[in-house]
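Hi everyone, thanks for coming. I'll walk you through one protein chain today, so please have a look at it on the screen before I start talking.

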Amino acid sequence: PSATTVITQDQIRRSGLLHLPDILRRIPGVDVASPTGSPSEVNSRGVNIEQLSPRTLVLVDGRTVFINAHGFTPWEEIPLLLEDIERIEVVRGPVEALYGSPALSGLINIITKHPRSINRTEISQVYGTKHTRYVSLLQGYTINEHLAYKLSGGWKEWDNFEGVGSGVGRGTDQDGIDMAVFNGALSYQLDEETEVKLSSGLTNGDYDALFGPGLGIANIESRDEFVKLDFSH
């Protein structure tokens, strides 16, 4: 009963955008707030946006990236490169009864490419204003009828409020985001209906965050990692 939008890899590539929340900003009914040059909050259906908003459930290949201890989704820390995304499914509206907390304003389901769907090596480099640097490598290969792998790695960096001399912007001459990203997956096909897949990812770096009025901008050193085993039949 909810409105659903699907964003494909081709649409992501043609947009020229480097930040995942900026891609979601283009969807009708999705609200994105960017109080600094790096962290963003994403909600939909007019639900009030605030710092560290716990109202949207975000999944990557079925794995939640919501941090329960802090009550927010760290978009900058997700171990994911845009080139590795197969599609993004966005469900707008209150679907918490179907998908669980915190899907009060909606669900964002990010599906990455399967190792068998790549069979090539992609290298991307982007440079621009605001000290923007984005470098990525994606490689996938099917070794035989049973085994396939996927590797991706990259680095993203851009400035925040560089040059602001007073107020909450004081001391923000460091990068708004400076993050290394690595990802990998190994798939073993037992037969036509059975597969075992081992995947892992890592982000390591820092970014600026505005925690609230009068608190100013703080630089956060971050390291996020995961290991996931999937069995499907």
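Let me begin with a question: are arginine 223 and glutamate 225 buried or exposed? Arginine 223 is exposed, and glutamate 225 is exposed too. Here, buried means under 20% relative accessible area, exposed means over 50%, and partly exposed is in between, with a 1.4 Å probe and protein chains only. The side chains of these two residues, arginine 223 and glutamate 225, also meet in a salt bridge, at 3.3 Å from N to O.

Before going on, a word on what you're looking at. This is a predicted model, where local features need pLDDT of at least 70 and side-chain atom pairs count only at pLDDT 80 or more, while totals for chains, interfaces and linings use all residues. Residues are numbered from 1 along each chain as its sequence is written, and side-chain values use heavy atoms, with hydrogens and water left out.

Okay, the overall picture. The chain has three helices and 13 strands; these are DSSP runs numbered from the N terminus, H or I with at least four residues for helices, E with at least two for strands. It has 233 residues, and 46% of them count as buried. The chain exposes about 11,700 Å², with carbon and sulfur atoms supplying 54% of that; the areas come from the Shrake-Rupley method with a 1.4 Å probe, and for residues only the protein chains shown count as cover. Now take contacts (heavy atoms within 4.5 Å) between residues at least 6 apart in sequence: 56% of those join residues at least 24 apart.

Next, the sheet. Five strands make an open sheet, in the order S1-S6-S7-S4-S5, with mixed pairing. At the edges you find strand S1 (3–8) and strand S5 (63–64), each pairing on one side only. Two strands pair if DSSP finds at least two bridges between them. Strand S6 (residues 85–92) and strand S7 (residues 106–112) are joined by seven bridges and run antiparallel. Within that pairing, valine 91 stands opposite leucine 107 in S7.

Back to salt bridges. How many does a search of the whole structure find? It finds nine, where a salt bridge is a side-chain nitrogen of Lys or Arg within 4 Å of a carboxyl oxygen of Asp or Glu. Why pair up at all? Because side chains of opposite charge can pair when their charged atoms come close.

One of them joins aspartate 10 and arginine 13, at 2.6 Å from N to O. Both residues lie in helix H1 (residues 9–15), three residues apart, which is about one turn of the helix. Aspartate 10 is partly exposed at 33% relative accessibility, while arginine 13 is exposed at 53%. There's also a network of salt bridges here, linking Asp10, Arg13 and Arg14.

Another salt bridge joins glutamate 122 and arginine 120, with 2.6 Å from N to O. Glutamate 122 is partly exposed at 25%, and arginine 120 is partly exposed at 36%.

Last stop: a charge and a ring. The charged end of arginine 63 sits over the ring of phenylalanine 226, 3.7 Å from its centre. For that, NZ of Lys or CZ of Arg has to be within 6 Å of the ring centre and within 35 degrees of the ring normal.
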